Amino acid sequence: MATRLLILGGTTEARALAGHIAAIAGYDAVLSLAGRTERPLPQPLPVRTGGFGGAAGLAAYLKTESIAALVVATHPFAAQIAANAAEAARMVGIPAVKLTRPPWRPVEGDVWRLYPSLEALIEGLAGSPRRLLVTIGRQDAPRFAAAPQHAYVFRSIEPIDLPPALGQAVTIEERGPFTLEGEVALMRRHAIEALITKNSGGEATCAKLDAARELGLPVLMVDRPPAPALPNLASIDDVIAFLAHHAPPEKRGV
Ligand code: NAP
């Protein structure tokens, strides 16, 4: 029997990790997606979709499926599933590890205002109208209805359903990676006065930060939520080494 792994995904890193794991003989891995994306990209491993039913539901899945190790490769802002994963792995007694891309760090010339939550950021938007580019994902966009006086440009991978208070907003559906030239052009085209983002980290979408710096625009940024109680690794190689140590691939007889 091959060693069974569960990868919690929904990120570029999870997809890349899945490609590496698929190529290692002796692993039988499943990639789990929340099911938020209507047109998910093809994946290099078998996929299961949808919630497990909290930490207890995930623990039951790990047991029933004889999972030997759990890799949490979800988005750094997906705090609930990461906490559930840490708890479920502890309940079942299997090794678990988090693959997290490093956060973005400001460099000279950046004007970043950091907020502990999206709620705090939106509260900070009180005041006179501004032209704002918002790149925080589809799920949270409707929350900007609490500050309806601004002229918003929302960019997301999939279509956003906006409430009537945001009826004048511009929506752009586009998947990264983005280029500096493209981001500068977008900000100029819409006369953007500030960029709103989460500190997601990663290469695919960081050009917007370079563009904001180049144009002298402030960036209003939601800081990362607390990390789960799991060993945290930043590279796929380190995760593979962790797995090789804690849940090695089954060696097939010759
Ligand atoms: P979340 O708040 O941490 O999770 C909410 C619930 O969704 C979880 O309790 C779990 O339901 C289910 N869930 C989340 N990820 C799952 C997965 N990979 N497989 C199965 N069930 C999952 O998560 P979220 O912020 O809504 O994000 C959902 C997914 O989108 C994540 O997988 C994440 O990697 C991806 N994503 C999130 C963001 C972001 O900014 N939050 C950005 C890009 C991608 P049960 O309790 O029923 O198990």
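Within helix H6, Asp210 and Arg213 are three residues apart, about one turn of the helix. In this predicted model, the two residues form a salt bridge whose closest N and O atoms are 3.1 Å apart. Asp210 is partly exposed, at 27% relative accessible area, and Arg213 is likewise classed as partly exposed, at 27%.

Arg213 also forms a salt bridge with Asp110, with 2.9 Å between the closest N and O atoms. Because Asp110 belongs to the loop between strands E5 (96–99) and E6 (112–115) and Arg213 to helix H6 (residues 207–215), this pair ties together parts that are 103 residues apart in sequence. Asp110 is buried, with a relative accessible area of 16%.

## Other salt bridges

The count of salt bridges comes to twelve. One of them pairs Arg155 with Glu183, the closest N and O atoms being 2.7 Å apart. Arg155 lies in strand E8 (residues 151–156) and Glu183 in helix H5 (residues 180–189), so the pair ties together parts 28 residues apart in sequence. Arg155 is buried at 7% relative accessible area, and Glu183 is buried at 2%.

## Ligand surroundings

The ligand is surrounded by 23 residues, the closest being Ser32, Phe52, Gly53, Ile81 and Lys198. By class, this shell has seven nonpolar, 13 polar and three charged residues. Helix H3 gives the most to the shell, with four residues.

The side chain of Ser32 places an N or O atom 2.7 Å from a nitrogen atom of the ligand. Taken alone, the ligand exposes 800 Å², of which the protein buries 78%.

How values were computed:
Residues numbered from 1 in each chain as written. Predicted model: local features only at pLDDT ≥ 70, side-chain atom pairs only at ≥ 80, totals over all residues. Heavy atoms only, no water. Near = heavy atom within 4 Å. Polar contact = N/O pair within 3.5 Å; in protein donor to acceptor, adjacent residues only side chain to side chain. Areas by Shrake-Rupley, 256 points an atom, 1.4 Å probe, with all protein chains shown as cover. Helix = DSSP H or I, 4+ residues; strand = E, 2+ residues; numbered from the N terminus. Nonpolar A, V, L, I, M, F, W, Y, C, P; charged D, E, K, R; others polar. Salt bridge = Lys/Arg side-chain N within 4 Å of Asp/Glu carboxyl O. Buried < 20%, exposed > 50% of the residue type's maximum accessible area, 1.4 Å probe, protein only.
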